[in-house]
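Biologist: Before we discuss any assignment, I would like to have the model in view, and then to hear how each label was reached.

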Amino acid sequence: MKTIGILGGMSWESTQHYYRLINEEVRERLGGLNSARILLASVNFQDVEPHMRAGNWDEVAATLCDHALRLERAGADFLVLATNTMHKLAPRIEQRISIPLLHIADATARNIMDMGLATVGLLGTRHTMEEDFYTARLVRHGLTPLVPESVPERAEVDRIIFQELCRGRVLNESRRAYDDIIAKLAARGAEAVILGCTEIGLLVSSGPVPLIDTTSVHARAAVRLALDGF
């Protein structure tokens, strides 16, 4: 079994689910008292988020690269970046480490293709929805991503993530807002909707089309890599 290096804390609300899901999957695969070999570096999101909001990505990258290198030196065989948005910096992290990084968009795309789907909605932070570091990765796999059409809708999706879900707040009115946006994506042709922020699965779990929880998909992919090899 390979050792999984998890770079999390962005936010810890979703990172704890990575730990649980990975260990549950290992126990399901191996039985008995088996659990995953995990090294965890948990970033203080309060230190990172202001730089992200200000567009100071060099500072964010420096922090993440430092933690990634610590995981590598500690013995991690590969890296799992437990956040969708920070995959904006995945190329920079990959340049600094010598172990593989299991990209969340690649794992998600493979899961969707295994379902035989092609057109998918995407919800996440505004960076994930509006920039191309994530959507371009999906397109590279042959998928057609759709994001909420209006700026106010994308802003509301982003607000709920940072002001509520990352703080452990799960509100019914926000669930209704997400349900409405998901329904609109389905009406535009989305065959499934990617919950492209690792916290969104805390809020919604069902809809008019399948919902792809990236936390669960990424965690299962990490276990496959740890047990079955590269």
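Biologist: Which residues of H9 are buried, and what makes them so?

Modeller: The buried residues of H9 are Ser-174, Tyr-178, Ile-181, Ile-182 and Leu-185, where buried means under 20% relative accessible area, exposed means over 50% and partly exposed lies in between, with a 1.4 Å probe and protein chains only. They cover an arc of only 100 degrees around the axis, which puts them on the same side of H9; the arc is that of the directions from the helix axis to the C-beta atoms. The model is a predicted one, in which local features need pLDDT of at least 70 and side-chain atom pairs count only at pLDDT 80 or more, whereas totals for chains, interfaces and linings use all residues. Residues are numbered from 1 along each chain as its sequence is written, and side-chain values use heavy atoms, with hydrogens and water left out.

Biologist: What do the buried residues of H9 pack against, and which exposed residues are on the face turned away?

Modeller: With contact taken as heavy atoms within 4.5 Å, the buried residues pack against strands S4 (119-123), S5 (144-146), S6 (192-195) and S7 (211-213) and against helix H8 (151-163). The face turned away from the buried side carries the exposed residues Asn-172, Glu-173, Arg-176 and Ala-187.

Biologist: How do you know that the span of H9 agrees with its number of residues?

Modeller: The expected span is 1.5 Å times one less than the number of residues, so the 16 residues of H9 (172-187) should span 22 Å, and the end C-alpha atoms are 23 Å apart, which agrees. Helices here are DSSP runs of H or I with at least four residues, strands are runs of E with at least two, and both are numbered from the N terminus.

Biologist: Why is the pair Arg-29 and Asp-228 called a salt bridge?

Modeller: The rule asks for a side-chain nitrogen of Lys or Arg within 4 Å of a carboxyl oxygen of Asp or Glu, and the N to O distance here is 2.7 Å, so the pair meets the rule. Because Arg-29 lies in helix H1 (12-30) and Asp-228 in helix H10 (214-228), the pair ties together parts that are 199 residues apart in sequence.
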